[in-house]
Amino acid sequence: MALLFKSGAGRNEWWRRELTRLEPGLDLRFWPAIGDADDIEFALGWEFPPGSLGRFRNLKCLCSIGAGVDHVFRDPDLPPDLAIVRIVDPWMTNAMSEFVSLNVLRFHLHDPEYRRLQADAIWGEEVPSPDSARTRVGIMGLGVLGEDAAAKLAPFGFPIAGWSRRPKQLAQIESFSGEAGLDAFLGRTDILVILLPLTEATRGLLDAPHLALLPKGAFIINAARGAIIQEAALIEALDRGHIAGAALDVVAAEPLPAAHRFWRDPKIVLTPHIAAITNPSTASPQIIDNYRRARAGQPLLNRVDRAAGY
Ligand code: NDP
Ligand code: OXD
């Protein structure tokens, strides 16, 4: 049984070290050096070319090398019965919560305004004191990442709400859910954190009418997928000051083209999709666990719900 690996992230040797340390006899094949396609029973990776997985007749499981699986569902010829799993790793979850906390605190503490004052060499300008009890944080997506970010932000004293597909009961977090809860959730949110998967239901969800529901002067942090926000609507909302600023770790077209206006917009803080990068050292144990489970026909960990798309 061979494990086929494909990733463009340039960490192949690190992955080889970790995976073979845990499974010394592992027959590890690096895309595109596949060998006999019938040997491949487990695939681990990012963006296998559409249609390519159908040729592996003995493939039992596809593991996304990240938490997101939208790249998997872009393949219209994905074998219909293929089991799909994803990475759920406390190390990665903590990294995301650090990223979210950095940016929530950045906006809450008026950092964009202080940067502007610094650029103009102005000392002592009066900026209102921040009060965490009055900065309402709203987290779209209360899954593995959203729930952890909410729990880590709560001790600062922010009123925190979350929006998910199904209602939740979480200590200190107000729960909104489904289409019925979306408008009220946005209307009470000063700092919006996006931690949703990209699915048919969430693509383009944050359009002009939904952005207009946020209070004037709201901030947005998108660490999920760029295509969840309609970028033209975001630019328009930033230009007229309805949205005061955005921290974007993800954009609709990655890598962001050099001519894109996001690079130069002073209201945007950009990072290149690094909020929570999969760590081969901490992620490999669950991958090898799933590889063994797939071989033994046992239930897999971190299984993706194909009907829901995440
Ligand atoms: P989970 O699957 O654990 O959580 C997803 C959450 O989104 C759930 O709360 C789910 O609701 C909610 N949700 C899904 N669809 C809808 C919908 N239509 N309406 C309302 N709520 C919805 O995912 P993770 O927390 O592990 O990851 C979230 C995303 O973060 C990933 O899909 C990936 O795209 C992105 N990501 C980005 C990284 C980066 O470096 N920038 C790194 C890792 C992940 P419910 O609870 O009811 O199911
Ligand atoms: C992921 C990502 O989904 O890196 O893990 O975006």
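This is a predicted model: local features need pLDDT of at least 70, side-chain atom pairs count only at pLDDT 80 or more; totals for chains, interfaces and linings use all residues.
How many nonpolar, polar and charged residues does the lining of the second largest pocket have? By class, seven are nonpolar, five polar and four charged, where Ala, Val, Leu, Ile, Met, Phe, Trp, Tyr, Cys and Pro count as nonpolar, Asp, Glu, Lys and Arg as charged, and the others, Gly among them, as polar.

Residues are numbered from 1 along each chain as its sequence is written, chains are lettered from A and ligands numbered from 1 in the order in which they are written, and side-chain values use heavy atoms, with hydrogens and water left out.

The chain folds into nine helices and twelve strands (DSSP runs, H or I of at least four residues for helices and E of at least two for strands, numbered from the N terminus). Its C-alpha trace spans about 65 × 40 × 35 Å along the principal axes.

Now to ligand 1. There are 29 residues around it, and Arg86, Arg166, Lys168, Ala223 and Tyr310 come nearest (to be near, a residue needs a heavy atom within 4 Å). This shell has 17 nonpolar, six polar and six charged residues, and helix H3 (90-108), helix H5 (144-153) and strand E7 (160-164) each supply at least two of its residues. For Arg165, a backbone N or O atom lies 3.0 Å from a nitrogen atom of ligand 1. Taken alone, ligand 1 exposes 940 Å², and the protein buries 93% of that (accessible areas by the Shrake-Rupley method with a 1.4 Å probe).

Oxygen atoms of ligand 2 feature in each contact here: one is 2.6 Å from a polar backbone atom of Ala67, one is 2.8 Å from a side-chain N or O atom of Arg225, and one is 2.5 Å from a side-chain N or O atom of His273. On its own ligand 2 exposes 210 Å², of which the protein buries 84%.

Back to the second largest pocket, with a volume of about 280 Å³. A pocket is an open set of points on a 1 Å grid over the protein atoms alone, with protein on both sides within 12 Å along at least five of seven lines, while a cavity is a set where a 1.4 Å probe fits but cannot get out; lining residues have an atom within 4 Å of a point. Points are joined across faces, edges and corners, and a volume is the space filled by probe spheres set on them. Of the 16 lining residues, His108, His110, Arg134, Thr135 and Asp190 are closest to the pocket's centre.

Key. A polar contact is a pair of N or O atoms within 3.5 Å; within protein, one must be able to donate a hydrogen and the other to accept it, and residues adjacent in sequence count only if both atoms are side-chain atoms.
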